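Please follow each residue and element in turn as it is named.

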Amino acid sequence: MLTSMKKLLSLFCFALLAAGASAQFIEQVNYRGAFAPAPTPMWTDGWTNWDPQNTAYPATTKTVTGHITTNTTWTKDKVYLLSGVVYVDTLVTLTIEPGTIIRGDNSVANSALIIKRGAKLMAIGTACEPIVFTSSLPAGSRTKGDWGGVILLGRAKNNITGGVGY
């Protein structure tokens, strides 16, 4: 009996919330789907980049190489270029401010940001100020595989004898 009452109360609360939500958040339209046909502007304009390959970013202002051995903050007033493999060493924190742009150098083999086991990456962008990781190539020339990306090394299970792989 008690379980039935809980279910009934939950159903009532859900219906009440749904009725209130539909009055506040649902807008009647004359089309199907989430996006209105052209020329109506997209409701995602301003917070979603639908064409990052052709987006023009500012010029690089700071090149990063080798190992990051002390706690470091990358600020949004600079555009960073990862030249080669860049490691964040164990017990070190790399903080990336919202709005920061990081490029992987396409001309240097295997350019990537690698966060070692025990290191921390604190990178919390926002809708208005996303953190952008992209290729160093100019707009219109970027493609998959231009650089190595961001790699997080952790303690996941694997099938390697001894449990550690490099």
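The side chain of T100 makes a polar contact with the backbone nitrogen of K76 at a distance of 3.4 Å; a polar contact is a pair of N or O atoms within 3.5 Å, where within protein one must be able to donate a hydrogen and the other to accept it, and residues adjacent in sequence count only if both atoms are side-chain atoms. The model is a predicted one, in which local features need pLDDT of at least 70 and side-chain atom pairs count only at pLDDT 80 or more, while totals for chains, interfaces and linings use all residues. Residues are numbered from 1 along each chain as its sequence is written, and side-chain values use heavy atoms, with hydrogens and water left out.

T100 belongs to the loop between β6 (93-96) and β7 (101-104); helices (H or I, at least four residues) and strands (E, at least two) are DSSP runs, numbered from the N terminus. T100 is buried because its relative accessibility is 0%, where buried means under 20% relative accessible area, exposed over 50% and partly exposed in between (1.4 Å probe, protein chains only). Beyond its neighbours within four places in sequence, T100 has contacts (heavy atoms within 4.5 Å) with W74, T75, K76, K78, Y80, P130, I131 and V132.

The loop between β6 and β7 also holds P98. This proline counts as partly exposed because its relative accessibility is 27%. Its contacts, again leaving aside neighbours within four places in sequence, are K76, I124, G125, T126, E129 and I131. The C-alpha atoms of P98 and P130 lie 5.7 Å apart, although 32 residues separate the two in sequence.

Attention now turns to the sheet. Strands of a sheet pair through backbone hydrogen bonds, either parallel or antiparallel. Here four strands form an open sheet in the order β1-β4-β7-β10, with parallel pairing; two strands pair if DSSP finds at least two bridges between them. Strand β4 (residues 79-82) pairs with β7 in the parallel sense over four bridges, and V79 has I101 of β7 as its bridge partner.

A further loop, between α1 (2-25) and β1 (62-64), contains A56. A56 is exposed because its relative accessible area is 67%. The C-alpha atoms of A56 and P138 are separated by 7.3 Å, with the two residues 82 apart along the chain.
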